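This report is a guided reading for someone who is meeting the structure for the first time. Please keep the sequence and the 3D view at hand while reading.

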Amino acid sequence: MDKIKFVTDEGETVEFYVEEQTRVNGTDYLLVTDSMDDEANAYILKDSSEETDPEADFVMVEDDVEMEAMSKVFSQMMDDVDIEM
């Protein structure tokens with residue numbers, strides 16, 4: 001399983017496990033967890049970089065409507081996973 005490093009607004013570096021990824025309306029999204037445990041916390045990240053940027057710039061999805069929509073997409077992609085908000 002791939003890992004990514006995420007830098008919080010406070011400058012803290014956190015490692016996440018990439019569970020799934022998708023592209024919706026031209027935007028890349030990642031479903032990540034903070035551990036390999038069954039009761040891990042899940043987060044949805046989206047790429048906020050421009051197509052010309054050399055690297056992706058992932059940010060936490062904070063909009064409730066976008067979060068709910070992407071939760072449904074990832075739930076459909078991963079039949080054996082239950083995403084609770």
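Which residues of α1 are buried? In this predicted model, the buried residues of α1 are Glu 66, Met 67, Met 70, Ser 71 and Phe 74.

## The helix α1

Viewed down the axis of α1, these buried residues fall within an arc of 135°, so they line one face of the helix. On the other side of α1, Val 65 and Gln 76 are exposed, while the cover over the buried residues includes β2, β3 and β4.

Helix α1 runs over residues 64-77, which makes 14 residues, and its span from first to last C-alpha is 20 Å, close to the 20 Å expected at 1.5 Å a residue. At the start of α1, the backbone nitrogen of Val 65 has a side-chain oxygen of Asp 63 within 3.3 Å.

Strands β2 and β3 run antiparallel and are joined by 7 bridges, with Arg 23 standing opposite Asp 28 in β3. The two strands form a hairpin with 2 residues between them, and in the turn Asn 25 has a positive phi of about 50°.

On to the next pairing: β3 and β4 are also antiparallel, over 5 bridges, and Leu 31 has Ile 44 in β4 as its bridge partner. Of the 7 residues of β3, 5 are buried, so this strand is largely enclosed by the rest of the structure.

The loop between β3 and β4 holds Ser 35, whose side chain reaches the backbone nitrogen of Asp 37 at 3.3 Å. Not counting residues up to four places away in sequence, Ser 35 touches Tyr 17 and Ala 40.

Is Thr 22 buried or exposed? Thr 22, which is in strand β2, has a relative accessible area of 19%, and because buried means under 20%, Thr 22 counts as buried. Leaving aside neighbours within four places in sequence, Thr 22 is in contact with Thr 27, Asp 28, Tyr 29, Met 70, Val 73, Phe 74 and Met 77.

Gln 21 also lies in strand β2, but at 53% relative accessibility this residue counts as exposed. With residues up to four places away in sequence not counted, Gln 21 touches Tyr 29, Leu 30, Phe 74 and Met 77. Between Gln 21 and Asp 63 there are 18 Å in space, C-alpha to C-alpha, and the two are 42 residues apart in sequence.

In soluble globular proteins, nonpolar side chains tend to be buried together. Here the largest nonpolar core has 8 residues in all, namely Tyr 29, Leu 31, Ile 44, Val 61, Met 67, Met 70, Phe 74 and Met 78. The elements that give two or more residues to this core are β3 and α1, and α1 gives the most, with 3 residues.

Apart from this core lies another, made of 6 residues, among them Phe 6, Phe 16, Val 18 and Leu 45.

How values were computed. Residues numbered from 1 in each chain as written. Predicted model: local features only at pLDDT ≥ 70, side-chain atom pairs only at ≥ 80, totals over all residues. Heavy atoms only, no water. Helix = DSSP H or I, 4+ residues; strand = E, 2+ residues; numbered from the N terminus. Buried < 20%, exposed > 50% of the residue type's maximum accessible area, 1.4 Å probe, protein only. Contact = heavy atoms within 4.5 Å. Expected span 1.5 Å × (residues − 1). Arc of directions from axis to C-beta. Polar contact = N/O pair within 3.5 Å; in protein donor to acceptor, adjacent residues only side chain to side chain. Core = buried A, V, L, I, M, F, W, Y, C linked by side-chain atoms within 4.5 Å. Pairing = 2+ DSSP bridges.
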